Amino acid sequence: MVTIAFKDLALSNAAKRGMPHERICFTPHPIWGKSEAEMYAYLEGNDPVTGKPLMPEVIGALTNPLTADEQKSGTVTPSVGPPTFIDTADNLQKYYMNNGMTDFMPIIIPTQQKVDAMLKGTSHDPEEVIGELTPARGSFPAWKYTVRHVAINAVMAGAAPEYLPIILSISASGLPSLSSSTNSFSTAAVINGPIRDKLNMNYGIGAMGPFSDVNASIGRAWTLVSKNCGNCGQPGETYMGTQGNALNFGNIIIAENEKDSPWTPFHVQKGFKKEENIVSVFFGYGIAQGQGGLGSAMKPVPQFDQGLLYNFIPLTSIFGALAVLDPLVAQDLVTLGYDTKDKLYAWLQKNATLKVKDAKTMLFTGGAALRGPQAAALKDDDLIPRWPSTSLINVVVVGGQTNPYYQVANMSYSRSVSIDKWM
Amino acid sequence: MLKAGARIRAKAKKRRAENRTEPSSSPAVFLGGNMKINRRKLLSLLGASPAILAGEAAASDQKHKALPPATEIKFEALNPHGMPPSIQLVPMAPRQASLENKTIYLVSDGFPGADHFLDQISIWFKKNMPSVTTQYRLKKGGFADDDPALWTEIKDKGNAVIMAIGH
């Protein structure tokens with residue numbers, strides 16, 4: 001039984017899993033938050049799709065004999081359409097957009113010539129299968145895609161061939177930029193290594209904004225690859241984000257400012273060599289400004305550690321914290337005694353606590369501390385850690401040092417992928 | 001003596017007359033905004049002979065005839081889609097002839113609300129089909145995770161399943 005809001009998703013998902021005739025009954029939406037009387041009224045009412053009395057329909061679903069179609073077995077190969085589309089430029093723009101292949105902004109039309117030029121950005125065989133994507137692992141079948149498929153989407157995004165290795169490495173991570181969840185999640189990618197300077201990526205003023213074609217087209221390509229190569233982002237079917245997320249257009253693309261950071265670069269912390277080119281991907285909710293945190297106005301050195309703790313308050317426990325600091329903030333934190341990121345992580349994890357009684361009222365917060373045998377002994381005023389370990393807290397340094405500001409995302413580190421492999 | 005407003009209007013009218021373009025067959029140049037200047041006049045002002053434009057109109061005409069309008073030129077563009085997996089059709093499980101005296105498992109996937117809703121279904125059966133036995137179970141793991149132990153139990157001890165996805 002599924003609520004009406006998820007009708008398309010339920011029917012489509014059942015079909016993709018080989019059960020196009022699965023017997024599904026629908027209820028009004030929502031169930032969550034309704035009283036027992038309201039829920040019982042749903043049962044006494046009608047299926048909003050068929051208009052028929054609901055419970056007799058449920059009983060019929062369990063007892064009516066199977067039709068010939070419901071008993072079919074065998075294999076079906078879905079079609080994604082013809083290999084090429086031929087039309088005028090204007091009509092192609094409309095065709096791609098109207099068929100869910102864009103981010104609803106004009107694309108660079110991916111002609112064979114442009115794709116061939118893009119493929120010169122990598123030494124890999126265009127037909128090499130580089131990975132698979134799904135809007136939600138375990139819930140939707142995963143699609144596979146080749147170097148060529150990613151190159152086509154990179155052309156559409158406006159990327160140059162030199163950016164292709166980064167786009168391929170993000171695509172190879174298996175993390176889509178568009179999750180199916182009702183939560184409207186977003187993603188981030190942190191790029192480290194000499195490639196940042198080679199491609200003139202922006203890690204100064206406006207680093208996370210629309211001020212570099214490199215940063216912008218890489219982020220855009222991630223979304224187009226997710227839509228076209230992973231079947232993500234089809235509203236009502238593979239995308240249920242109730243409000244959507246503005247970050248999905250270009251994602252958060254961060255080229256870490258390694259030269260102005262007082263700390264070890266992010267990828268070195270993860271075990272890579274400084275000279276390696278690495279992209280690290282993150283997943284979770286959005287990002288918010290850190291100005292206004294407690295201690296942020298203290299002098300002579302703002303108490304940025306306290307400020308970060310304050311900005312952690314609205315973060316859930318299902319994802320970690322990704323703090324994005326301008327180099328000036330990082331330098332001030334060193335002055336406060338955090339000469340390594342690990343020291344900062346340890347202090348933050350220890351002090352990012354909340355009361356049991358508060359955690360119980362907060363969605364997706366408290367996590368492991370509220371489950372398991374030890375939870376029974378907890379009292380309402382006991383403090384529990386927001387996150388059980390430092391591995392859920394990450395810091396990267398980026399920005400142009402016009403002011404000591406920072407931003408905090410409720411995002412977890414997913415994995416790091418070599419860019420060098422895709423050169 | 002003309003009033004100030006009338007003087008201004010008269011000056012504007014004189015300016016428009018000076019800037020008026022020649023017939024559209026003459027090469028013209030847009031210099032930005034709405035001002036359009038005759039190219040031959042511009043070349044003369046720059047000390048160049050307008051004769052250099054002599055072949056341009058003809059050549060331009062030639063080009064114009066050879067190509068269709070830009071909006072009608074067609075392109076062949078590549079399909080950006082990846083490769084969906086093949087689908088193995090799953091035949092539905094045989095149905096019960098009747099639910100009387102049968103056991104129905106009510107399974108929640110863990111999403112908020114599913115447990116309470118299934119509880120109401122159990123109450124509905126007690127009221128309307130008291131011979132039906134219902135068994136509530138919370139599926140293990142995340143929403144989409146398999147729970148093989150539960151499926152085995154249902155196959156062994158149950159006759160049917162109603163699964164609620166919450167929301």
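Predicted model: local features only at pLDDT ≥ 70, side-chain atom pairs only at ≥ 80, totals over all residues.

A: **Helix 6 of chain A and its surroundings**

Directly after helix 6 of chain A comes A:Gly158, which has a positive phi near 90°.

Burial comes first. Eleven of the eleven residues of helix 6 of chain A are buried, so the helix is largely enclosed by the rest of the structure.

Neighbours within four places in sequence set aside, A:Val150 has contacts with A:Ile130, A:Tyr145, A:Ile167, A:Leu168, A:Ser171, A:Val225 and A:Cys229. A:Val150 is also among the residues with the most contacts inside the largest nonpolar core, together with A:Ala151, A:Ala154, A:Ile167 and A:Ile254. That core has 123 residues. Helix 6 (residues 147–157) of chain A gives the most to it, namely eight residues.

Now to the chain as a whole. Chain A has 14 helices and 14 strands. Its radius of gyration is 24 Å, close to the 22 Å that the globule rule gives for 423 residues, so chain A is as compact as a globular protein of that length. The C-alpha trace spans about 75 × 65 × 35 Å along the principal axes of the chain. Of the 423 residues in chain A, 45% are buried. Among contacts in chain A with a separation of 6 or more, 76% join residues 24 or more positions apart.

The domain assignment divides chain A into domain 1 (2–71) and domain 2 (89–352 + 387–422). The centres of domain 1 and domain 2 of chain A, taken over C-alpha atoms, are 39 Å apart. Five residues from domain 1 and five residues from domain 2 take part in the contact between them. On the domain 1 side, these are one nonpolar, two polar and two charged residues.

Between the two chains, 69 residues of chain A are in contact with 45 residues of chain B. By class, the chain A side consists of 39 nonpolar, 23 polar and seven charged residues. The chains also share strand pairing: strand 3 (residues 74–76) of chain A runs antiparallel to strand 4 (residues 87–89) of chain B, over three bridges. In that strand of chain B, B:Leu89 is the bridge partner of A:Gly74.

B:Gly158 lies in the loop between helix 5 (148–157) and strand 7 (160–164) of chain B. It counts as buried because it has 20 C-beta neighbours inside 10 Å. Apart from neighbours within four places in sequence, B:Gly158 is in contact with B:Thr103, B:Ile104, B:Tyr105 and B:Gln135. From B:Gly158 to B:Thr103 the distance is 5.1 Å, C-alpha to C-alpha, although 55 residues separate the two in sequence.

Definitions and conventions. Residues numbered from 1 in each chain as written. Chains lettered and ligands numbered in written order. Helix = DSSP H or I, 4+ residues; strand = E, 2+ residues; numbered from the N terminus. Buried ≥ 20, exposed ≤ 12 C-beta atoms within 10 Å, placed from the backbone. Contact = placed C-beta atoms within 7 Å. Nonpolar A, V, L, I, M, F, W, Y, C, P; charged D, E, K, R; others polar. Pairing = 2+ DSSP bridges. Rg over C-alpha atoms; globule rule 2.2 N^0.38 Å. Domains from an automatic or database assignment. Core = buried A, V, L, I, M, F, W, Y, C linked by C-beta atoms within 7 Å.
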